[in-house]
Amino acid sequence: MSAQTPLPPLRSAARIAVLRALNLGDLLCAVPALRALRAAAPSARITLIGLPWARAFVDRFGLLVDAFVEYPFGEALPAPGSAEMEAFLAPLRARRFDLALQMHGDGSRSNAIVGALGARMHGGFHPPDTPAPGPWYLPWQDDESEIRRWLRLAEHLGAGRHSEALEFPLRDNDREAAAALLSARGVRGPYLCVHPGARLRSRRWPLTRFAAVAGALRADGWPLVLTGCAGEAELTAGLADALRPPPWAPPDPPVVDLAGCTDLGTLAALIDGAAGLVCNDTGVSHIAAALATPSLVVSCGSDVRRWAPGDRTRHRVLAAHPPCRPCAFDDCPHGHVCALEIGSVHALAGVRRLLEELQIRAA
């Protein structure tokens with residue numbers, strides 16, 4: 001290394017801040033990079049600056065992250081200099097971070113926040129049409145896998161090459177809680193999880209199509225476990241109603257609605273115990289990837305190149321690609337073409353083919 005080239009930051013960083021104030025799937029896709037940071041700087045104190053929900057993430061991934069600071073602005077990125085941002089930044093500057101990392105996007109707005117943390121060194125990504133804010137920034141590439149992107153940054157910082165494998169630590173109480181829920185509702189033996197929700201409405205495949213696929217899978221002999229957060233209970237209730245058998249039909253195999261009944265760990269344990277998962281492109285798809293639970297993901301609106309699971313043997317992604325994709329609209333202004341072009345017949349065939357190829361059968 002020449003005298004003009006600075007030493008990689010991870011060699012001398014004792015206090016590291018990571019800004020990633022995003023949602024579940026985003027943080028799970030950053031786990032390989034966090035693992036690489038920890039391996040390269042095993043004694044460093046790593047602080048995640050994240051959304052309020054991420055306190056549970058830090059609790060679960062305590063081997064990778066030591067501390068948590070709540071980012072109070074939701075999806076907003078106020079400019080440094082505003083009174084609200086300065087009130088947030090002042091106590092963070094007092095921590096005297098050695099290295100602050102922008103792991104929040106292309107940096108067009110978030111680099112200013114990371115730079116204002118006052119760290120001795122800072123790095124991340126920058127828009128390719130703007131100058132790098134320093135030697136530890138890389139140009140953003142839209143078509144890059146989200147997992148590989150942050151690993152590339154970690155390597156640039158001195159971490160070396162590391163695995164892209166996701167992980168999700170499960171605890172005994174997670175499995176016990178999941179088993180109790182299933183037992184209380186009469187689910188015995190292999191089952192499939194169906195997760196019809198997603199944070200953005202534009203990311204949701206139509207409920208009628210989920211119902212068509214789920215109904216056929218139930219007819220194949222599969223018990224179905226419907227999952228979702230409390231805010232998705234209306235969705236899962238509608239799906240459960242659509243799957244309710246008529247009075248003259250046998251009640252088995254069961255369909256149970258567990259939306260709002262699980263915390264993050266219990267939800268993950270349900271997915272871990274499932275024979276497979278059918279879902280939208282949302283956080284649970286990354287939990288399934290981390291736990292090697294076979295999944296069929298209907299991807300609406302998002303960038304498949306960034307978010308698709310790396311293992312295409314156990315995980316299949318269905319997507320249509322109209323010219324308006326990718327998008328970040330909550331409600332699609334273009335007729336939701338990316339969702340409507342994916343038919344339930346195609347999705348059902350995909351699930352059955354996946355289970356057949358992996359030799360997974362209903363009881």
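This note concerns the packing of three helices, α6, α9 and α10, in a predicted model.

1. Geometry of α6 and α9. Helix α6 spans residues 172-184 and helix α9 spans residues 264-273. Their axes come within 8 Å and cross at roughly 70°. Angles of 65 to 115 degrees count as roughly perpendicular, and α6 is therefore roughly perpendicular to α9. The crossing of α6 past α9 is right-handed.

2. Residues joining α6 and α9. On the α6 side, the contact is formed by D174, R175, A177, A178, L181 and L182. On the α9 side, G265, T266, A269, L270 and D272 take part. Sorted by class, this contact of α6 with α9 comprises six nonpolar, two polar and three charged residues.

3. Geometry of α9 and α10. Helix α10 covers residues 283-291 and packs against α9 at an angle of about 60°, the two axes lying 10 Å apart. This angle makes α9 oblique to α10. As α9 passes α10, the crossing is right-handed.

4. Residues joining α9 and α10. From α9, the residues L264, L267, A268, I271 and D272 meet V284, I287, A288 and L291 of α10. The class count for the contact of α9 with α10 is eight nonpolar, no polar and one charged.

Notes. Residues numbered from 1 in each chain as written. Predicted model: local features only at pLDDT ≥ 70, side-chain atom pairs only at ≥ 80, totals over all residues. Heavy atoms only, no water. Axes fitted to C-alpha atoms, helices over the stretch in contact; angles between N-to-C directions. Helix = DSSP H or I, 4+ residues; strand = E, 2+ residues; numbered from the N terminus. Parallel < 35°, antiparallel > 145°, perpendicular 65-115°, else oblique. Left-handed = near helix turned anticlockwise from the far one by under 90°. Contact = heavy atoms within 4.5 Å. Nonpolar A, V, L, I, M, F, W, Y, C, P; charged D, E, K, R; others polar.
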